[in-house]
Amino acid sequence: MTERYQRRSALAHLGLEARASVVAGEGGVTLREAPMRGLLVLRGDGGGKAFRSEVTAVLGIEPVVEPLTAARRRDLSILWLGPDEWLVITPDRRRARIERMLRDALVGQHAAVTDVSHGRTVLVLSGPDVLAVLAKGCSLDLHPRMFGPGRCAQSRLAKCQALIHQTTDAPEFEIHVPRSFAQYAWMWLEDAGQEFDLRIAPAE
Amino acid sequence: MLLIECPWCGFREESEFRCGGEAHIVRPLDSESLSDAEWADYLFMRTNPKGRHRERWVHEHGCRRWFNVERDTVTHEILAVYRMGEHPPAEPATGGRRR
Ligand SMILES: [Zn+2]
């Protein structure tokens with residue numbers, strides 16, 4: 001297992017720290033990476049009482065039933081990926097512990113917990129022109145009448161598999177992409193955001 | 001480009017989906033006792049109609065769920081969408097099924 005101190009962000013080679021603006025939020029859009037998130041794929045019977053209560057006991061959040069929605073409590077989030085599939089987002093330092101607790105709680109159930117943290121990275125796009133940037137490469141209707149804070153959807157962004165999650169009204173979107181597509185997705189977003197005076201913010 | 005209604009995610013563009021061929025083909029339970037011709041019929045032979053056709057589709061770049069689509073193979077009009085395990089609508093439908 002790779003030691004924590006040896007892990008590197010999927011975008012470490014781009015030297016983004018040196019390019020990050022000191023003053024955040026002055027452009028039309030701001031882009032940053034949120035590397036090293038704890039990402040756990042949870043599968044189980046969403047309608048099952050035992051599954052729901054065990055997951056709720058560990059996370060303090062119920063597995064969301066409404067498609068394309070997410071719930072959050074303190075530093076944990078749970079995103080709907082399918083009727084029997086969720087993504088649990090944790091801080092990196094709590095990832096292994098929460099994975100173990102979920103596994104232990106779900107022993108004997110037809111359920112699975114899979115750590116996918118190393119296979120993905122999260123890009124965070126915010127600012128008033130966010131929707132215009134995303135509309136260049138994504139067919140999802142992200143307009144407030146259809147989308148909003150607490151909503152998430154899997155689709156494609158510039159042909160790249162992406163999970164798009166609106167976290168705040170600001171608006172701020174977290175975009176999960178496969179790690180091997182991180183540079184492609186970042187550079188595409190940088191290019192798409194150029195006309196909106198895109199700024200780079202320091203990574204989380 | 002078709003707009004296809006995933007029973008879970010709603011309307012999405014065609015490129016998020018993949019077609020998995022004819023729906024409602026039941027795997028023979030007693031495959032050992034089948035003749036080669038019967039097995040080949042199960043494995044390879046499809047109705048391939050001109051007109052209404054029931055197909056399995058998967059929302060590959062979305063929720064990754066399989067579901068059924070009733071589609072006109074001439075006009076590409078989608079007549080119905082229903083989940084796995086649900087029965088196909090008996091009468092010709094006028095549009096996509098609502099969740
Ligand atoms: Zn779907």
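The zinc ion is held by four residues of chain B in this predicted model. Its ligands are B:Cys6 (SG), B:Cys9 (SG), B:His59 (ND1) and B:Cys63 (SG), at 2.0 to 2.4 Å. Donors are N, O and S atoms within 2.8 Å of the metal (3.2 Å for Na, K and Ca); water is not among the atoms, so sites may look incomplete. The angles among the four donor atoms run from 102 to 121°, and the site is tetrahedral. Four donors count as tetrahedral if all angles lie between 85 and 135 degrees. Along the chain, the donors follow the spacing C-x2-C-x49-H-x3-C. B:Cys9 sits in the loop between strand S1 (3-6) and strand S2 (10-13) of chain B, and B:His59 in the loop between strand S4 (52-58) and strand S5 (66-72), so this pair ties together parts that are 50 residues apart in sequence. Helices (H or I, at least four residues) and strands (E, at least two) are DSSP runs, numbered from the N terminus. B:Cys9 is buried, at 8% relative accessibility. B:His59 is also buried, with a relative accessible area of 0%. Buried means under 20% relative accessible area, exposed over 50%, and partly exposed in between (1.4 Å probe, protein chains only).

Residues are numbered from 1 along each chain as its sequence is written, while chains are lettered from A and ligands numbered from 1 in the order in which they are written. Local features need pLDDT of at least 70 and side-chain atom pairs count only at pLDDT 80 or more, whereas totals for chains, interfaces and linings use all residues; side-chain values use heavy atoms, with hydrogens and water left out.

Chain B contains one helix and six strands. Their order along the sequence is β-β-β-α-β-β-β. The C-alpha trace of chain B spans about 45 × 30 × 25 Å along its principal axes. Of the 99 residues in chain B, 34% are buried. Among contacts between residues at least 6 apart in sequence, 44% join residues at least 24 apart. Contact means heavy atoms within 4.5 Å.

Two buried residues of chain B touch each other, B:Glu55 and B:Ala23. B:Glu55 lies in strand S4. Its relative accessible area is 3%. Leaving aside residues up to four places away in sequence, B:Glu55 touches B:Cys19, B:Gly21, B:Glu22, B:Ala23, B:Phe67, B:Asn68, B:Val69 and B:Arg71. B:Glu55 and B:Arg71 are 16 residues apart along the chain, and their C-alpha atoms are separated by 7.4 Å. B:Ala23 belongs to the loop between strand S3 (18-22) and helix H1 (36-44) of chain B. Its relative accessibility is 4%. With residues up to four places away again not counted, B:Ala23 touches B:Arg54, B:Glu55, B:Arg56 and B:Asn68. From B:Ala23 to B:His53 the sequence separation is 30 residues, and the C-alpha atoms are 8.6 Å apart.

In chain A, helix H2 (residues 49-59) packs against helix H3 (residues 92-105). The angle is about 155°, and the axes are 9 Å apart. Axes are lines fitted to C-alpha atoms, for helices over the stretch in contact, and angles run from 0 to 180 degrees between N-to-C directions. The two helices are therefore roughly antiparallel, a term for angles over 145 degrees. H2(A) passes H3(A) in a right-handed crossing: the near helix is turned clockwise from the far one by less than a right angle. A:Glu54, A:Val55, A:Val58 and A:Leu59 in H2(A) meet A:Ile98, A:Met101, A:Leu102 and A:Ala105 in H3(A).

A:Pro63 lies in the loop between H2 and strand S3 (70-73) of chain A. A:Pro63 is buried, at 1% relative accessibility. Its contacts, not counting residues up to four places away in sequence, are A:Phe51, A:Arg52, A:Val55, A:Thr56, A:Ile78 and A:Trp86.

Chain A also has backbone features of note. Most residues other than glycine have a negative phi, and most peptide bonds are trans. A:Met36, not a glycine, has a positive phi of about 60°. A:Met36 is in the loop between strand S1 (30-34) and strand S2 (38-43) of chain A, and is partly exposed at 27%. A:Asp197 likewise has a positive phi of about 60°. A:Asp197 is in the loop between helix H5 (182-193) and strand S11 (199-200) of chain A, and is partly exposed at 38%. A cis peptide bond joins A:Ala170 and A:Pro171, with omega about 0°. A:Pro171 is found in the loop between strand S9 (160-168) and strand S10 (172-178) of chain A.

Technical notes
Tetrahedral: all angles 85-135°; square planar, octahedral: opposite > 155°, others 65-115°. Parallel < 35°, antiparallel > 145°, perpendicular 65-115°, else oblique.
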